[in-house]
Amino acid sequence: EDGGQYEALLVGSDAATDLAVLKIDAQGLTPAEFGDSDQMEVGDVVVAIGNPMGEELRGTMTDGILSAINRDMEVEGRQMTLLQTTAALNTGNSGGALVDDEGKLIGINTLITSYSGNYSGVGFAIPVNYAINLAQQIIAGETPTHAQLGVSLSTVSAATASRYGL
């Protein structure tokens, strides 16, 4: 908020989640404290911080609750498990912090669903525990991995049951 600007080195990024690790050389900054996104519950109070609608509204804070945990969403053709919040998120909030009632980072704002493209009461954040795991992989020089399980379902007919002894 003091208007300071810093040169940043891109350590690495993950295209699947649109997350990046940046390194800056600076003194006197207070790092964010991490919460535990696995311990959050539906109904917990959260605050979103970001830049909705562009730079002139930077540093905007909105409050809400976690309205769902482990919400599976398709993001650009990839399944992601996200935190869902009622805190107002708009275009420009992506990459901003979602913090708990103690000010600890529990998510990275990433997505809204809306017919109009503006806030409709449904926003999503990458859980911080998942983001930390990806950041650790990037810092270690690894390509981030995303576990997936492929499953298909079908109705078992009498013929199929007989064939496989079911």
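A: With a definition. Two strands count as paired if DSSP finds at least two bridges between them. Keep in mind that this is a predicted model.

Q: In which sense do strands E4 and E5 pair, and over how many bridges?
A: Strand E4 covers residues 60–75. Its pairing with E5 is antiparallel, with seven bridges.

Q: Which residue in E5 stands opposite Met73?
A: Met80 does.

Q: How many residues lie between the strands in the hairpin of E4 and E5?
A: Two. Glu76, in this hairpin, has a positive phi near 50°.

Q: Which other strand is joined to E5, and by how many bridges?
A: Strand E8, residues 123–127, is joined to E5 by three bridges. E5 and E8 run antiparallel. Leu83 has Ala125 in E8 as its bridge partner.

Q: Is E5 mostly covered or mostly open?
A: First the cut-off: a residue is buried when its relative accessible area is under 20%. E5 spans residues 78–85, and six of its eight residues are buried, so by that cut-off the strand is mostly covered.

Q: Now the second largest pocket. What is its volume?
A: About 320 Å³. It is lined by 17 residues, and those closest to the centre are Asn70, Met80, Thr81, Pro127 and Tyr130. We have already met Met80, opposite Met73.

Q: Which elements supply at least two residues each to that lining?
A: E4, E5 and helix H1, residues 128–139. E5 gives the most, with five residues.

Q: How do the lining residues of that pocket divide into nonpolar, polar and charged?
A: Six are nonpolar, eight polar and three charged.

Q: Let us zoom out. How many helices and strands are in the protein?
A: Two helices and eight strands. From the N terminus, the order is β-β-β-β-β-β-β-β-α-α.

Q: Why is the protein said to be more spread out than a compact globule?
A: Compare its radius of gyration with the globule rule. The protein has 19 Å, while the rule gives 15 Å for 166 residues; 19 Å is well over that, so the protein is more spread out than a compact globule. The box filled by the C-alpha atoms, along the principal axes, is roughly 75 × 40 × 30 Å.

Q: What percentage of the residues count as buried?
A: Of the 166 residues, 31%.

Q: And what share of the contacts with a separation of 6 or more is between residues 24 or more positions apart?
A: Such pairs account for 47% of those contacts.

Key:
Residues numbered from 1 in each chain as written. Predicted model: local features only at pLDDT ≥ 70, side-chain atom pairs only at ≥ 80, totals over all residues. Heavy atoms only, no water. Buried < 20%, exposed > 50% of the residue type's maximum accessible area, 1.4 Å probe, protein only. Helix = DSSP H or I, 4+ residues; strand = E, 2+ residues; numbered from the N terminus. 1 Å grid on protein atoms, 1.4 Å probe; cavity = no way out; pocket = protein on both sides within 12 Å on 5 of 7 lines; lining within 4 Å. Points joined across faces, edges and corners; volume = space filled by probe spheres on them. Nonpolar A, V, L, I, M, F, W, Y, C, P; charged D, E, K, R; others polar. Rg over C-alpha atoms; globule rule 2.2 N^0.38 Å. Contact = heavy atoms within 4.5 Å.
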